[in-house]
Amino acid sequence: MAYKIYIDAGHGGYDMGASYNGRYEKDDNLNLAKAVGKELEDMGYEVGYTRSTDVYQSPNEKAEIANDNNADLFISIHRNTSPVPNTYQGVEILVFNKGDLKEDMAKKIADNLADVGFSNLGVDARKNLAVLRKTKMPALLIDVGFINTDYDNQLFDGNFERIVMAIAQGIDDAINQEQESEVKLSYRVQVGLFKNYNNAENLQELLVEKGYPAEIVELGGLSAVLVGSYATVQEAQRMEDELASAGYESIVIAL
């Protein structure tokens, strides 16, 4: 089964996003989202879009579209802005929480875009954004330069194809690396299994706050909260013991 990626062009319709000298973020987002999607399709991925025309969707609706279509990855394309034009420049990538595929992919994309000429503002965790909080799969929000900074706009327009490739290649490299790693690291510690995704999300957030590398994985139509990924049963059992000491019941599973 092909890896399914949903691309979100931020804003749309009456929600123009940021603007500068007659330039609207919603338009830049859509053009870049469609181009990145086409490149990913050429790489062999199954690609869907939250929007392919100039229509409005709420952030919750965008997340629901990806969830309803069982996407494996969600990428939201945006431009940044600042109160005073030509004050800041660079690329920033946002994730719900750091760790696992999201952070690794974000770093690869940011590094690739820095090679194009953008300043690398790094990766930041934002728990208050619906497209990152409500999606059931790994999700990234990519701010591709400041729309009210002339330098970033010159990069955006003059290096558009390189930007497309930088994002698509970062996604592809991270997915390939994770899939290669999964062959070797197959033992996981399951801390919870829920019918209700919100219950799984609450437990996952609590574990992450306590420093455990927890993520939510869909297993047989249920939401499993898993900690770590280990090459041997013994390593997984050590984490199981650590979780038991912290008051969590868990089991080791092989995936």
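This is a predicted model: local features need pLDDT of at least 70, side-chain atom pairs count only at pLDDT 80 or more; totals for chains, interfaces and linings use all residues.
**Entry 1**

I began with the domain assignment of the protein chain. It gives domain 1 as 4–182 and domain 2 as 187–254. I then looked up how far apart they sit. Their centres, taken over C-alpha atoms, are separated by 29 Å. Next I checked the contacts between them. I found 6 residues of domain 1 in contact with 6 residues of domain 2. The area buried between the two domains is about 620 Å². Carbon and sulfur atoms give 47% of that area. Which residues of domain 1 lose the most area to domain 2? They are Phe96, Asn97 and Lys136. Together they make up 55% of what the domain 1 side buries.

**Entry 1: the sheet of six strands**

I traced an open sheet of 6 strands, in the order S4-S1-S5-S8-S6-S7. Its pairing is mixed. Strand S4 (46–49) and strand S7 (120–125) stand at the edges. Each has a single partner strand, so one side of each is left without a neighbour in the sheet. From one strand to the next, the twist averages 20°. Strand S6 (residues 91–95) runs parallel to S7, and the two pair over 4 bridges. Within this pair, Val95 stands opposite Ala125 in S7.

I asked what helix H1 lies across. The strands are S1 (4–9), S4, S5 (73–80) and S8 (139–146). H1 runs at about 165° to S1. Helix H2 (residues 59–68) lies across S1, S4 and S5. Its angle to S1 is also listed at about 165°.

I then tested the length of H1. This helix covers residues 25–42, which is 18 residues. At 1.5 Å a residue they should span 26 Å. The end C-alpha atoms are 26 Å apart, so the span agrees.

An α-helix has 3.6 residues a turn, so residues three or four places apart point the same way. After H1 comes Gly44, and I noted its positive phi, near 105°.

I followed strand S9 to its partners. With strand S11 (residues 222–230), S9 pairs in the antiparallel sense over 6 bridges. Gln190 stands opposite Leu226 in S11. With S12, S9 again pairs in the antiparallel sense, over 4 bridges. Tyr187 stands opposite Ala254 in S12.

The buried residues of H7 are Tyr197, Ala200, Glu201, Leu203, Gln204, Glu205 and Leu207. I also looked up what covers them. The cover includes helix H4 (130–133), S9, S10, S11 and H8.

**Entry 2: Gly192**

Gly192 is found in strand S9, residues 187–194. Is Gly192 buried or exposed? Its relative accessibility is 10%, so Gly192 counts as buried. The cut-off for buried is under 20%. I then listed what Gly192 touches, leaving out residues up to four places away in sequence. The residues are Leu203, Ser223, Ala224 and Val225. Leu203 is one of the buried residues of H7. Last, I compared Gly192 with Ile65. They are 127 residues apart in sequence and 26 Å apart in space, C-alpha to C-alpha.

Definitions and conventions:
Residues are numbered from 1 along each chain as its sequence is written. Side-chain values use heavy atoms; hydrogens and water are left out. Buried means under 20% relative accessible area, exposed over 50%, partly exposed in between (1.4 Å probe, protein chains only). Contact means heavy atoms within 4.5 Å. The expected span of a helix is 1.5 Å times one less than its number of residues. Two strands pair if DSSP finds at least two bridges between them. Domain bounds come from an automatic or database domain assignment. Buried area is the accessible area (1.4 Å probe) that two parts lose on being put together, summed over both. Axes are lines fitted to C-alpha atoms, for helices over the stretch in contact, and angles run from 0 to 180 degrees between N-to-C directions.
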